[in-house]
Amino acid sequence: MTKFGQIVIGPPGAGKTTYVDGLSQFLTALHRPLTRINLDPAADEPPYTPDIDIRDLCTVADIMQEHSLGPNGATLFAFEYIDVNFDWLEHRIEECGGEYLVFDMPGQVELTTGHTALTNILTKLKKQLDCRLVVVNLTDAHCLAEPSRYIAVCLLSLRSMLALEQPQINVLSKIDTLPRFGDLPFNLDYYTQVHDLDYICDYLNTQRHTSRLEGLNRAICEMVEDFGLVSFETLAVEDKQSMTKLVRLTDRVCGYVFQGELSEQDSALSLFTSAMGSLPGEHDIDVQERWLDAREDYDAFEDQLWKDEGELVAEEQSREELKTGEKQPQQATHLKPTANTFSGADRPKVASTNK
Ligand SMILES: Nc1nc2c(ncn2[C@@H]2O[C@H](COP(=O)(O)OP(=O)(O)O)[C@@H](O)[C@H]2O)c(=O)[nH]1
Ligand SMILES: [Mg+2]
């Protein structure tokens, strides 16, 4: 059976484990058969319960002791170990049986930019288990506060796209924390679209101590733009709209949308989990407005929206119970987008700053 899923990568602290936990709750609510796989051999107890855990095969502490390696080398070794012992992973995935796999990865950048073990594992997952995976590359949105870090993140994202040779969605995580870092010189959509990077180089040159790096910055930006592969989505893991949008996008990119209809046709939510169409109003939401210019209005608006939906679901359920005389199981219908979800008409309005 073809399997679909996500490989969640990104530097340490980018929010990978938190996202896997959020995603796991989200997809469980949609009744999607899920296998959660922790491939971080140095993970502390993750907030979700992994169905498969690399720490059952090897831990960083054991490898460090046995092979006199540091924590970084031990993590790379662990991936070489999985590569060589791929049968273990294959067997465990088949045993768990979930049609949707979510891999929580360690933050070592070498794994996704140059080391071959992960590439080999991805190839085996594809060839031996018919997995169609999408890489979700998280980077803390804090990088936007520092233009040179943003350029480095663009370069790293491009590097992992080229090295892993998988469909990849780059994500600025913890976008809800952005207002803490002060005014940005450009609108948020400038950073997400990754176009006209000349402007950010010009801006960098107005800063002190960076002029000697001008040529290097411009060369990196030119290369990133020439490839035309890098752009960013945004994510605040506790924001349902934000999670919904990312789930829809990952479903389209890995191809889950084409088989969701078959496997989930009994679910009232199949339309939501598998439909190709965009969320109502999905493309109207301006990330600058949502997370910076009118954040509080949007938060209040969303709270009210979910509250209204919750009440609607409760009403529907009690009507159903009255009709059948039976207690209805708790439905996840509150996750279904309703016609009024960000339809535009009631959405908070704000004059764009258009930088
Ligand atoms: N504000 C905010 N914090 C987040 C978000 N996602 C993760 N975090 C926090 O970021 C920290 C690191 O997250 P973790 O998932 O352990 O990162 P990992 O090392 O990439 O697995 C934790 O304290 C999380 O609570 C988010 O969307 N918003
Ligand atoms: Mg983690």
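Select valine 134 and its surroundings: leaving aside neighbours within four places in sequence, valine 134 is in contact with Gln6, Gln166, Pro167, Ile169, Thr250, Val253 and Cys254. Contact here is a pair of C-beta atoms, placed from the backbone, within 7 Å. This is a predicted model, in which local features need pLDDT of at least 70, side-chain atom pairs count only at pLDDT 80 or more, and totals for chains, interfaces and linings use all residues. Residues are numbered from 1 along each chain as its sequence is written, while chains are lettered from A and ligands numbered from 1 in the order in which they are written.

**Strand β5**

Stay on valine 134. It sits in strand β5, residues 131-140. Strands (E, at least two residues) and helices (H or I, at least four) are DSSP runs numbered from the N terminus. Valine 134 counts as buried because it has 21 C-beta neighbours inside 10 Å. The cut-offs: buried means 20 or more other C-beta atoms within 10 Å of a residue's own, exposed means 12 or fewer, and partly exposed is in between.

Valine 135 is buried, with 26 other C-beta atoms within 10 Å. Not counting residues up to four places away in sequence, valine 135 touches Ile7, Ile9, Leu164, Gln166, Pro167 and Gln168. Isoleucine 169 is 34 residues from valine 135 in sequence and 6.2 Å from it in space, C-alpha to C-alpha.

**The whole chain**

Zoom out. The protein has 15 helices and seven strands. Of its 355 residues, 36% are buried. Among contacts with a separation of 6 or more, 77% join residues 24 or more positions apart.

**Helices α2 and α3**

Select residues 60-67 (α2) and 71-84 (α3). Their axes come within 9 Å and cross at roughly 105°. Axes are lines fitted to C-alpha atoms, for helices over the stretch in contact, and angles run from 0 to 180 degrees between N-to-C directions. The two helices are therefore roughly perpendicular to each other, a term for angles of 65 to 115 degrees. Show the contact residues: Val60, Ile63, Met64 and His67 of α2, with Pro71, Ala74, Thr75, Phe77 and Ala78 of α3. They divide into seven nonpolar, two polar and no charged. Nonpolar covers Ala, Val, Leu, Ile, Met, Phe, Trp, Tyr, Cys and Pro; charged covers Asp, Glu, Lys and Arg; the others, Gly among them, are polar.

Serine 68 is in the loop between α2 and α3. Its phi is near 50°, a positive value in a residue other than glycine. Serine 68 is exposed, with 9 other C-beta atoms within 10 Å.

**Helix α9**

Go to aspartate 196, in the loop between α8 (188-193) and α9. Aspartate 196 has a positive phi of about 50° although it is not a glycine. With 12 C-beta neighbours inside 10 Å, aspartate 196 counts as exposed.

Next, select α9, residues 198-205: Ile200, Cys201 and Leu204 are buried. They cover an arc of only 105° around the axis, which puts them on the same side of α9. That arc is taken from the directions from the helix axis to the C-beta atoms. On the other side, Asp198 and Asp202 are exposed. The cover over the buried residues includes α7 (147-164) and α10 (214-227).

**Ligand 1**

Finish at ligand 1. It is surrounded by 15 residues, the closest being Gly15, Lys16, Thr17, Thr18 and Val237. A residue is near if its C-beta atom, placed from the backbone, lies within 6 Å. Helix α1 (residues 16-29) gives the largest share of the shell, three residues. By class, the shell has four nonpolar, eight polar and three charged residues.

Definitions and conventions:
Contact = placed C-beta atoms within 7 Å. Parallel < 35°, antiparallel > 145°, perpendicular 65-115°, else oblique.
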